[in-house]
Amino acid sequence: MDFNFDQKIQRENTHSVKFDGRRQYFGTTDVSPLWVADMDFAVPECVTRALQERINHPVFGYTLYPESIYQSIIDWFQRRHQWTIEREWIVFAPGVVPSLFAAAKAFAQEGEGVIVQSPVYFPFFSAVTTNNRKLINNPLREINGRYEMDFEHLEQCAQQGATLLMLCTPHNPVGRVWSEAELQQVLEISRRYDLTILSDDIHCDLVYSGVKHTMLGRLAQPGDKLITTIAPNKSFNIPGLGLSALVIPNAAERNAMKHMFETLHVGNYNPLSIAAFEAAYREGDHWLDALMQYLETTRDFAADFIAREIPQIKLIKPEATYLLWLDCRGLGMGDAQLRDFFVRSCKVGMNPGTVFGEGGSGFMRMNIGARSVVIINALNSILKNIPSRSNEL
Ligand SMILES: Cc1ncc(COP(=O)(O)O)c(C=O)c1O
């Protein structure tokens, strides 16, 4: 089956954050939008068809979750991740981020600690701080060109009154796919210190060849306090539809999360989200496999180009996600100057690393979920504008 990821789709004037939000975020629309984590590709045809079929019915009333959507999740995770999920473990939620916030409230009291591992997707911080929980950071360590979790320090964090660990797996922005051994260590520490784990696996399907993502849930034992968040949103480019699912084997944690959403009366979702979600998991395999091939070609091109042409910037090839974590410290600029350089001189709009917390200074995050020509042009523009010696700027 052929899929055309090179097709140009006009996204301007569609109320797209990535395109139409540029003026607000960058102060100009004259930047190539390589920031917010959605892709510029059309969704798989099975998703469009399911949406159209639902739209053909002219009533959009309050909607139940059909049994078939539960089954689509069970089948997808069995088929793609060899993880056996039971029907009763599944709880639906709006996007994944609300679940981060709900978990911070459900599994830590005010003042109690929640562990995050920076640099990390920024709502991991705000989920904790806006709810007056104590943020405990276990920064990732870069060792020989590879990001790793600091398990010794993680234990020290656990000893500081932490009750919850928020794990990003695969990890945004550094692109690591945690190995089974690493995940086992996380589980062991969580057991030793009675931590609940919120495992955000939203990027679990966006894994490049030669690497295997392990669902933490597949390794967990009965009794482990684990909440896994999943969604087809990133994998199939439907984050605007805002539906995700939680997989929670233990009744106590499941009820705690359900209760948190009940206190806000969050529970009924829109029939279009349900149709798209189910179609993606039921029929999206071929599209996703083709997407990953396309993204891998772009990732490899970018990595080679940067290594060859722009040695001032370093890239550790991500094992997953369509996000490149660019180490720009070799340019010798401060964070404000760096941002200004990419926006004003290169006209490339990326997320500044500082928003991902400690370990983000001097970095930029580039979203390659775009036509490859867009990424090639952005890299060439960076190359053209790069000062030949960084101290000349
Ligand atoms: C790790 C992670 N979790 C959650 C989200 C967003 O999830 P949602 O849009 O479903 O709230 C993102 C988006 O970039 C992400 O990277």
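The legends below describe close-up views of a predicted model. Residues are numbered from 1 along each chain as its sequence is written, and side-chain values use heavy atoms, without hydrogens and water. Local features need pLDDT of at least 70 and side-chain atom pairs count only at pLDDT 80 or more, while totals for chains, interfaces and linings use all residues.

**View 1. Residues around the ligand.** The shell consists of A37, G95, V96, V97, Y121, C168, N172, D200, I202, H203, N233 and K234, a residue being near if one of its heavy atoms lies within 4 Å of the molecule. By class, 6 of these residues are nonpolar, 4 polar and 2 charged; Tyr and Cys count as nonpolar, and Gly as polar.

View 2. A polar contact is a pair of N or O atoms within 3.5 Å. For the side chain of N233, the distance from an N or O atom to a ligand oxygen is 3.4 Å. Of the 400 Å² of accessible area that the ligand has on its own, the protein covers 90% (Shrake-Rupley method, 1.4 Å probe).

View 3. With a disulfide defined as a pair of cysteine sulfur atoms within 2.5 Å, the count is 0. C157 is in none, and the nearest cysteine sulfur, that of C168, is 17 Å away. The sulfur of C204 is 11 Å from its closest cysteine sulfur, also in C168, too far for a bond. Buried means under 20% relative accessible area (1.4 Å probe, protein chains only); C157 is buried at 0%, and C204 is buried at 3%.

Definitions and conventions:
Polar contact = N/O pair within 3.5 Å; in protein donor to acceptor, adjacent residues only side chain to side chain. Buried < 20%, exposed > 50% of the residue type's maximum accessible area, 1.4 Å probe, protein only.
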